[in-house]
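Let's go through this structure together, one label at a time.

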Amino acid sequence: MTDTVPNPGEPSRFRRIWESDVMWSFRHSPVAIVSAFVSLVMILGAILAPLYAPQDPFNPATLNLMDGLTAPGKANEFTGKTFLLGSDSQGRDMFSAVLYGTQVSLLVGAASVLFSLVIGVFLGLMAGYVGGKTEAVIMRVADIQLSFPAILIALLIFGVARGVIPPAQQEDATLLLLILAIGLSNWAQYARTVRGSTLVEKNKEYVQAARVIGRSPLLIMLKHILPNVMGPVTVIATINLALAVIEEATLSFLGVGMPPTQPSLGTLIRVGQQFLFSGEWWILLFPALTLVILALAINLLGDWLRDALNPRLR
Amino acid sequence: MSEPILEVTDLRRLFDVSKPWLERVVAREPRQLLTAVDEVSFTINKGETFALVGESGSGKSTVAKMVVGLLGPSGGRVRFAGVPEGQRPRPGMVQMIFQDPYASLNPRWRVADIIAEPMIVTGTRKDAASRAARVAELLTLVGLSPKDGDKYPHQFSGGQRQRIAIARALSSEPEFIVCDEPTSALDVSVQAQILNLMRELQERLGLTYLFISHNLAVVRHMAHRIGVMYLGRLVEVQESDALFLAPKHPYTRLLIDAVPNLAEIGRDRVPVQGEVPSPINPPSGCTFHPRCPIAMPVCSRERPAFRDGAACHALAPQTVAAE
Amino acid sequence: MTEKPVLEVKGLTLDFATRRGTLRALDGVSFTIGRGEVLGVVGESGAGKSLTGTAIIGLVERPGRITGGEIRLNGQRIDNLPPKEMRAIRGRKIGMIFQDPLTSLNPVFRIGDQLTETLQAHLPLSKAEARQRAIELLIEVGIPAPEKRIDGYPHEFSGGMRQRVVIALALAAGPDLIVADEPTTALDVSVQAQIITLLKRLCRTRGTSVMLITHDMGVIAETADRVAVMYAGRIAEIGPVADVIRHPRHPYARGLMGAIPALDTRVKRLTQISGSMPRLDSIPKGCAFQPRCTMAIPRCSLERPELVQAGASRAACWLANAETEVPA
């Protein structure tokens, strides 16, 4: 057992992953490669923004009102400064604003996806494995929730939560509230999928074998069933990341999301549209374009992943 | 071979096969119950192989699940020697080998972890090193290499997977193993390997098997005693040799006759007609009477008592005389 | 030898193009089936027995492709026919029976409609005539109260009755050959006996040839005239049933016979063939069975043996004619 010399006939771990069906399908799908590349560049670009962004748009001290409303690539008539993507009315560099906005959007998106995934997967496992009344309650709640648009649910949760939190802390809590609202509005889809897979897995003999020796239900769910139901969950999570980013943008656009002092892509679009008719198109265009490309790339990646993991659906 | 290790008395199991509650209420239908197992009693002695044979719907797998504790009985009891009334034996004392080696091993687990799991759960080996040593030992015992522990189930063939499943069953040091159609999913040449291995292990470790199968030839090869089931009831229990030489119950005779035999090339036969009826609505009296070549009027009225190894009216002299 | 065989398969080779290269699933399979003859094809999973049947009925699916050899039905080559012509032959000249009757019967149509449709597709019959023929067929396959059951749906029939309907469907147009792929595997033993007997009787009275594909040697023993034992995409041995079962010449066939537990005798230990059938991507050079063979000689790993006459059978083994009564 202590013999750790790899078997010469066995390919290395990396080689195995590289040769696996999913990787093979990835290597042969131009759409997947391009969308993965675009997603990766945008995500890394957003995360690493503090290292190279010309400005910290969240810090009012770095802003100069005189720089305001400069067109992309042109020199400002007062200060002579140029901005790659122009500047807004506050003198904020749009390039930096988009980078930081993407960061906020992705943070909210990823955190809320993780939040809804954990809740949804756990409830789905419970519903599928325990069955009976537990299942009935969980799935009916999921049904009710799925019959409303997610954005409506998020608005509701957001509104209720705002009413509970004292006004003084609202500004700081907005980020967490958004994550909570978007997360809670999306768990049902995970629960449904996981419940379905759990119903299949729980009748397989490896689960029975664990029951025969007296494994507790919780450990059977977590150690045996969970790893086997994660395939479809990763697909939903990827597609939902795009949806969550859009949902956050929608909320912020409606004015209930991130404040202008800490703008997400949605906030930037809301602010930007006020300038559209006065000719300052860049304030709206660049955040909107970023949002579209980001959502599209992640969505295409999710679509490809779904096909790769489940070839029969094609 | 003498002392019983398991005593099953009047075992009964119902399944609720009703439609969902709402549909039932709307259609004003009553609850519908299916009797999968009814009044099944047998004992198994230490060190022997007791087989249950039967066609689909006979309830043999349901009996297996109740013995191993996966299902609770609706009536009657399952009692292991030395275990107080109403209690299950220690975890790991009773193990199970399943039919489908492609479903019985968790595809995300390494083989070594699969085999070690019963030891962790039952706490027989607390430290990882001794568990690893035992896993290597078990792999060798079932004819695999200790190195195979690092692999995943999909890297093995069906027969090798069944060996892994056997190693897992042995790892909790069981005395009693329920084998539910352990070779039905395997090819003949591989089936022979697994059957040979199971018999070898029985001799070496003094195991007791409850062997469930629909294949009479396999049962004949493995079992010391055989119980024949039909529609949830035990119709005959006999020593293996006696059962094949002189079957008592007409259903047993039908089953033995129906098996295609290598020794009878090109045989033309007159098969018994009819199929196993649905267990939801079984025939009255002796459930076999509609297909029975020697059925008497009493057979459709009364349920035959189980005596001298078989449940059949034709075998009870006073009934025959009365008819 | 005087009469022309109904089916003639010569050097059939079938490849699967995968991304890891081409896998040869059938490698030079040759056999014939005479008029009214039942040829049993046995082998373990992956031996290629079902694939051979699929190739004959022209339903090989991508990425599989016939890359060599030919299949002739009544002398006419059918392996290279366009799909439309092959469809006409399927049903009319070749009937099919599969393991699961539910895959051959359309669940949303009454069985009578499926029968009359098949009859009218292949024979010039009016609707009423076709229905009459359908009822006759159902009587022939032993369906009780056929006038009533003809308007039933497949799910209203039991497993054995469904398989009878499938047999009626396969025989409807009076084909010359029936390809039956594991026709009794999904059935209980007592029903299996009924179906085998029925199939045997019908083909005997109608003079239909049968290619019976199964993993169950017992079914073959009872039903077939000749048997082909397949291993790793090749025929290991082919010959009259009695000869192959009682005096198998190929070590694999010999091992297979010993591995089957018998009803009338109880042995201490079954003959076991160590290891398992190679995967398609790792079929050894020379004789495919050689790594598992207890009698292998150096030549076996170098050169591939062709089928040679050995007694009444033909076996693909270098030692087929060596007088070896050593148990495998």
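Q: What kind of model is this?
A: This is a predicted model, so please read every value below as computed from it.

Q: Which helix supplies the largest share of the nonpolar patch?
A: That is α3(A), with three residues of the patch. Both α3 (30-47) and α4 (49-52) of chain A supply at least two residues each. The members are Leu40(A), Leu44(A), Ile47(A), Leu48(A), Leu51(A) and Tyr52(A), and together they have about 620 Å² of accessible area.

Q: Why is Leu40(A) called exposed?
A: The label exposed needs a relative accessible area over 50%. Leu40(A) has 52%, so it counts as exposed. This leucine is found in helix α3 of chain A.

Q: What makes strand β7 of chain C largely enclosed by the rest of the structure?
A: Five of the five residues in this strand, residues 177-181, are buried, so the rest of the structure largely encloses it. Leu177(C), Val179(C) and Asp181(C) point one way, Ile178(C) and Ala180(C) point the other way, and all are buried.

Q: What makes β7(C) and β8(C) a pair?
A: The cut-off is again at least two bridges, and five bridges join β7(C) to β8 (residues 209-213) of chain C. These strands run parallel, and Val179(C) stands opposite Met211(C). With helix α8 (residues 189-206) of chain C, the two strands make a right-handed β-α-β unit.

Q: Why is Gln163(C) called buried?
A: Buried means under 20% relative accessible area. Gln163(C) has 0%, so the label buried applies. This glutamine lies in helix α7 (residues 159-171) of chain C. Among the residues that Gln163(C) touches are Ile97(C), Phe98(C), Pro183(C) and Ile195(C), not counting residues up to four places away in sequence.

Q: Which helices do the buried residues of α12(A) pack against?
A: They pack against α5 (94-130), α11 (217-253) and α13 (282-309) of chain A. The buried residues of α12 (residues 265-273) are Leu265(A), Gly266(A), Thr267(A), Leu268(A), Ile269(A) and Gly272(A).

Q: What makes Arg306(A) and Asp303(A) a salt bridge?
A: The nitrogen and the carboxyl oxygen must be within 4 Å. Here the closest N and O atoms are 3.4 Å apart, so the pair qualifies. Both residues lie in helix α13 of chain A, three residues apart, about one turn of the helix.

Q: Why does the pair Arg226(C) and Glu37(C) tie together parts that are 189 residues apart in sequence?
A: Because Arg226(C) lies in strand β9 (residues 226-231) of chain C, whereas Glu37(C) lies in the loop between β2 (21-33) and β3 (38-42) of chain C.

Q: Why is Arg90(B) called partly exposed?
A: Its relative accessible area is 39%, and the label covers values between 20% and 50%. Arg90(B) is found in the loop between β4 (75-80) and β5 (94-97) of chain B. It touches Ser172(B), Glu173(B) and Glu175(B), not counting residues up to four places away in sequence.

Note on methods: Residues numbered from 1 in each chain as written. Chains lettered and ligands numbered in written order. Predicted model: local features only at pLDDT ≥ 70, side-chain atom pairs only at ≥ 80, totals over all residues. Heavy atoms only, no water. Patch = residues over 30% accessible without salt bridge, like charges linked within 9 Å, V, L, I, M, F, W, Y side chains within 5 Å. Areas by Shrake-Rupley, 256 points an atom, 1.4 Å probe, with all protein chains shown as cover. Salt bridge = Lys/Arg side-chain N within 4 Å of Asp/Glu carboxyl O. Helix = DSSP H or I, 4+ residues; strand = E, 2+ residues; numbered from the N terminus. Buried < 20%, exposed > 50% of the residue type's maximum accessible area, 1.4 Å probe, protein only. Right-handed = clockwise from strand over helix to strand, strands pointing away. Contact = heavy atoms within 4.5 Å.
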